[in-house]
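Here are my notes on this model, point by point. Please read them with the structure open.

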Amino acid sequence: MAEEKRMPNVMQRNLLAAVADVLGENGLKAVLNVAGLQRFIDNPLPNDMELGVTFADYGMTQQAVEDVVGPKGAKMMLTRIGRATFRYALEERPAVLGLVGVALKALPTGARMKVVLASLARAATKDVHQPTDIEEHDDHFLFVVDECPCRWRGKKDKPVCFVTVGVLHGALHWATGKRFNIEEVSCIAMGDTACRYRIDKEPLEG
Ligand SMILES: [Zn+2]
């Protein structure tokens, strides 16, 4: 059953830590109340790969951030939360990101991008049960996610997966020291078949 689709505890744990980072502890409480996820208040999730949370939990948490901060601030806040989520994942359980033992030092920027995106896609598919692929084009990559917690956020008329955008920003900056333009160009919450993220190969200035 779709509502029962599950993901590892560590995913939600890192997301909630990131929400607390960006919105403060009281902000996190407000978000969990709005999401109907009071069971996570003052009750940290274990740092493990047990399938203790649902895609719905993860999606409702993001939706509640949008509800709490309002539509205007949501994009920026959720992107910041995504970057922080990447930091926590990298510090606490890098295996989840598939980035353990990835050797990047000798590689040029484009190759680094590809290695990191492929690692994230593999880890998402295998450990998070989000089937994910990358496509390489002349001037950009597409990061294509076939199942996403945004499915549980209600019907949208614009892409909403800014946490993933933030995670991709964090991962690519970690891997290359550079910043890139990243845009979600189709979204399951809009009725599309996948959430697709377009990542320009050319870094942004500065
Ligand atoms: Zn999406």
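**Notes on the domain interface and its salt bridge**

1. Start with Arg153, which is buried at a relative accessible area of 6%. Buried means under 20% relative accessible area, exposed over 50%, and partly exposed in between (1.4 Å probe, protein chains only). Arg153 sits in the loop between strand E4 (140–145) and helix H4 (162–176). Helices (H or I, at least four residues) and strands (E, at least two) are DSSP runs, numbered from the N terminus.

2. A word on the source. This is a predicted model, in which local features need pLDDT of at least 70 and side-chain atom pairs count only at pLDDT 80 or more, while totals for chains, interfaces and linings use all residues. Residues are numbered from 1 along each chain as its sequence is written, and side-chain values use heavy atoms, with hydrogens and water left out.

3. Which residue pairs with Arg153 in a salt bridge? Glu66 does, at 2.9 Å from N to O. A salt bridge here is a side-chain nitrogen of Lys or Arg within 4 Å of a carboxyl oxygen of Asp or Glu. Glu66 and Arg153 are both buried.

4. Leaving out residues up to four places away in sequence, Arg153 touches Gly59, Gln62, Gln63, Glu66, Leu78 and Val160. Contact means heavy atoms within 4.5 Å.

5. Now the domains. The assignment, automatic or from a database, gives domain 1 (2–92) and domain 2 (96–200). Their C-alpha centres lie 18 Å apart. In contact are 29 residues of domain 1 and 22 residues of domain 2.

6. The two domains bury about 2400 Å² between them, 74% of it on carbon and sulfur atoms. Buried area is the accessible area (1.4 Å probe) that two parts lose on being put together, summed over both. In domain 1, Phe55, Arg83 and Phe86 lose the most area to domain 2, together 26% of what that side buries.

7. How many salt bridges does the rule find across the interface of domain 1 and domain 2? One. The whole structure has ten.

8. Compare two other pairs. Glu147 and Arg151 meet at 2.8 Å, N to O. Glu147 is buried at 13%, whereas Arg151 is partly exposed at 41%. Arg6 and Glu4 meet at 3.5 Å, N to O. Arg6 is partly exposed at 32%, and Glu4 is partly exposed at 46%.
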